[in-house]
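The sequence and the model are shown first, and the description follows.

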Amino acid sequence: MGPGTMSCAEFNGGLSQHPKDESLFFSWALGFMSGLNTELLQHGETNLNSLSLDTQKQFIRSYCKDRARAPYFEAVFKLFDRMRHDQGLPSYIQTWHEPQSR
C-alpha cells in the first residue's frame with residue numbers, strides 16, 4: 001500500500017503536476033529505508049545520512065526518469081543499496097539472503 005507501490009511513471013507524472021507531492025513519496029521512502037535499517041543498526045551498519053536528503057531525492061528522481069516501468073519502491077531500494085555500497089557494505093540482498101551455514 002501507499003506511494004511505494006506506484007510505478008515510477010505515476011511518480012513522474014504526479015511530480016510534474018504537483019511538485020509538492022514529492023514530500024509524500026519521500027516520507028514513504030524514508031520510512032521504508034528506516035524499516036530495512038532497523039535490523040542493520042543492531043550490527044552497527046548503514047548510516048542513512050550518508051547522502052544528503054536532496055541527493056537522495058535526486059537519486060530517486062533520476063532512477064524513475066530512466067525506468068518509468070519500475071515500481072517506486074525499487075528506486076528506493078536501489079538508493080538504500082547505494083548508501084550501503086558507499087559505506088563499503090554488501091548489498092542488502094547479499095546480507096540477508098545468503099545461504100545459512102549449517
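Axes here are lines fitted to C-alpha atoms, for helices over the stretch in contact, and angles between N-to-C directions run from 0 to 180 degrees. With that in hand, the axes of helix 2 and helix 3 come within 11 Å and cross at roughly 100°. Angles of 65 to 115 degrees count as roughly perpendicular, and helix 2 and helix 3 are therefore roughly perpendicular to each other. On the side of helix 2 the contact is made by E22, F26, A29, L30 and M33, and on the side of helix 3 by L53, Q56, K57, I60 and R61. Sorted by class, the contact of helix 2 with helix 3 has six nonpolar, one polar and three charged residues.

The model is a predicted one.

**Overall make-up**

The secondary structure of the chain comes to five helices and zero strands. Read from the N terminus, the order of elements is α-α-α-α-α. The chain has 102 residues, and 31% of them count as buried. Among contacts in the chain with a separation of 6 or more, 66% are accounted for by residues 24 or more positions apart.

**Helix pairs**

Two packed helices are described by the angle between their axes and the distance between the axes.

| Pair | Axis distance | Angle |
|---|---|---|
| Helix 2 and helix 3 | within 11 Å | roughly 100° |
| Helix 2 and helix 4 | 10 Å | about 50° |
| Helix 3 and helix 4 | within 9 Å | roughly 130° |

Helix 2 and helix 4 pack at an angle of about 50°, and that makes helix 2 oblique to helix 4. The crossing of helix 2 and helix 4 is right-handed. Helix 2 takes part in this contact through F25, F26, W28, A29, F32, M33, L36, N37 and L40, while helix 4 takes part through Y72, F73, V76, F77, L79, F80, M83 and R84. The residues of the contact of helix 2 with helix 4 divide into 15 nonpolar, one polar and one charged.

Helix 3 spans residues 53-66 and helix 4 spans residues 72-86; their axes cross at roughly 130°. Helix 3 and helix 4 are therefore oblique to each other. The crossing of helix 3 and helix 4 is right-handed. From helix 3, Q56, F59, I60, Y63 and C64 meet Y72, E74, A75, V76, K78, L79, R82 and M83 in helix 4. In the contact of helix 3 with helix 4, nine residues are nonpolar, one is polar and three are charged.

**The nonpolar core**

Which residues have the most contacts inside the largest nonpolar core? They are F11, M33, I60, Y72 and F80, in a core of 23 residues. Helix 1 (8-17), helix 2 (22-41), helix 3 and helix 4 each supply at least two residues of this core. Helix 4 gives the most to this core, with seven residues.

**Q56**

Leaving aside neighbours within four places in sequence, Q56 is in contact with F26, L30, M33, L48, L51, L79 and M83. Q56 belongs to the contact of helix 2 with helix 3, and Q56 also meets helix 4 in the contact of helix 3 with helix 4.

Note on methods:
Residues numbered from 1 in each chain as written. Predicted model: local features only at pLDDT ≥ 70, side-chain atom pairs only at ≥ 80, totals over all residues. Heavy atoms only, no water. Helix = DSSP H or I, 4+ residues; strand = E, 2+ residues; numbered from the N terminus. Parallel < 35°, antiparallel > 145°, perpendicular 65-115°, else oblique. Left-handed = near helix turned anticlockwise from the far one by under 90°. Contact = heavy atoms within 4.5 Å. Nonpolar A, V, L, I, M, F, W, Y, C, P; charged D, E, K, R; others polar. Core = buried A, V, L, I, M, F, W, Y, C linked by side-chain atoms within 4.5 Å. Buried < 20%, exposed > 50% of the residue type's maximum accessible area, 1.4 Å probe, protein only.
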